[in-house]
Amino acid sequence: MAIAKAERLMNLALCLLGTRRPLSKRELRGSIEAYLEAFGPGNTAAFGPGNAAAFGPGSTAACGPGSAASAGQAGESGPDAVAGSAPGKRSGAGSSDDAFNRMFERDKDDLRELGLIIETVEGIDGEIGYLARRDSNRLPPITLDVEEAAALGLAAKVWQQARLAGAASGALQKLRAAGMPLAEDAYESQSALEPRIPVHEAAFEPLMLAARDRRTVVFDYHKANAARPEQRHVEPWTLECWRGHWYLAGWDRDRGAERVFRLSRITGKVRSRAVPFTVPVPDHVTVRETVESWSGETATRTARITVRAGHGYPLRARATVTRDLGDGWDELEIPYGHGLDAWLVEFGPDVKVLEPAELRADVLDRLRAVAKG
């Protein structure tokens, strides 16, 4: 971040934190050195003599000229560095006001992105004011021990390839600044072994946001045994990752039932709708068990399959019994649960299903669908 912008944001944050009443854009423009240098005071300077009481004790100098954080203090961040404007080169009042409004809105959004809670309050006269209450912007006491801090650090590393990378690292920095103990990184000397949860599906981010905001989504879903995608209307509950694949658990409004969708089979864009949920969202444990069951992790029976020698190592790892049949084939007994047919199809001609009969039929149906394109 440029020095000028960092100092400007610091001054704006100090003003909003130090005031005992909401401050309007006009007042902030006349109180922050960087805004004054770039755009002038506007119609009326915000604080004249005797008005310093608007800020808390010791905080008056944070916003006015001569403050330690004012934009004019550093050589790298003089007036010319703010919005590319220099004294004596300002345009008309209208364009100056527009430029200030744009900068102020950007600065306000940047502070909120950094975690500052800024309240917007409408005064009696209808003028909008802003303030950041200290009690709303103060972290509670951090009571994490070293082991808990290590777990959080490891979790932040997991999300380095996902949409949550920035949020995870930012949250970790704030916790450390607030006193969270630093834990020794067990993976520091073995970076090749650092955990990762890859997120390659374009549907991940919109579904994550929709689940967070409780918004219904619409998307096209291509089942493994279907010739073409079908549109689904879903109330998203949560996202779960199993065996390297992401799944969405939610309520299928068209079918009136709980369903799980593999993100890699979602085609096209995910569109969200401002439609309220019709079914209560279950607790996390229930949803996790549903995803586990639909992804084939919960086994209720045993299946017998044959696997070509030298192939199907993930299947061999799950096998409870392995027999050498000769002629380059092995017989395996593996746990049979929901989703096993879709997994077996991925191995193509290197796997054959012996029993049960319904599993064999499901695998054949999926292969025929793939053959039809």
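**A sheet, its helix and a core**

Reader: Which residue in E11 is the bridge partner of Val307?

Author: The model is a predicted one. Strand E9 covers residues 299-308 and strand E11 covers 329-337, and the two run antiparallel with 9 bridges joining them. Within that pairing, the partner of Val307 in E11 is Asp330.

Reader: Which residue takes a positive phi in the hairpin of E10 and E11?

Author: E10 and E11 pair in the antiparallel sense over 5 bridges. One of these strands' bridge pairs is Gly326 with Trp329 of E11. The hairpin has 2 residues between the strands, and the phi in question is near 55 degrees. It belongs to Asp327.

Reader: Within what arc do the buried residues of H11 fall?

Author: Leu359, Val363, Arg366 and Ala369 are the buried residues. Their cover includes E9, E11, helix H10 (340-345) and E12. On the other side of H11, Ala357, Ala371 and Lys372 are exposed. The buried residues line one face of the helix, because seen down its axis they fall within an arc of 120 degrees.

Reader: Which element gives the largest share of the largest nonpolar core?

Author: This core has 20 residues, and Leu12, Leu16, Leu28, Ile32, Tyr35, Phe104 and Leu111 touch the most other members. Helix H1 (3-18), helix H3 (33-39) and helix H4 (93-113) are the elements that give two or more residues to this core. The largest share, 5 residues, comes from H1.

Reader: Which residues is Leu16 in contact with, leaving aside its neighbours within four places in sequence?

Author: Leu16 is among the core residues that touch the most other members. In soluble globular proteins, nonpolar side chains tend to be buried together. With sequence neighbours within four places set aside, the contacts of Leu16 are Leu28, Leu111, Ile118, Tyr130, Leu131 and Ala132.

Methods. Residues are numbered from 1 along each chain as its sequence is written. This is a predicted model: local features need pLDDT of at least 70, side-chain atom pairs count only at pLDDT 80 or more; totals for chains, interfaces and linings use all residues. Side-chain values use heavy atoms; hydrogens and water are left out. Two strands pair if DSSP finds at least two bridges between them. Helices (H or I, at least four residues) and strands (E, at least two) are DSSP runs, numbered from the N terminus. Buried means under 20% relative accessible area, exposed over 50%, partly exposed in between (1.4 Å probe, protein chains only). The arc is that of the directions from the helix axis to the C-beta atoms. Contact means heavy atoms within 4.5 Å. A nonpolar core is a set of buried Ala, Val, Leu, Ile, Met, Phe, Trp, Tyr and Cys residues joined through side-chain atoms within 4.5 Å.
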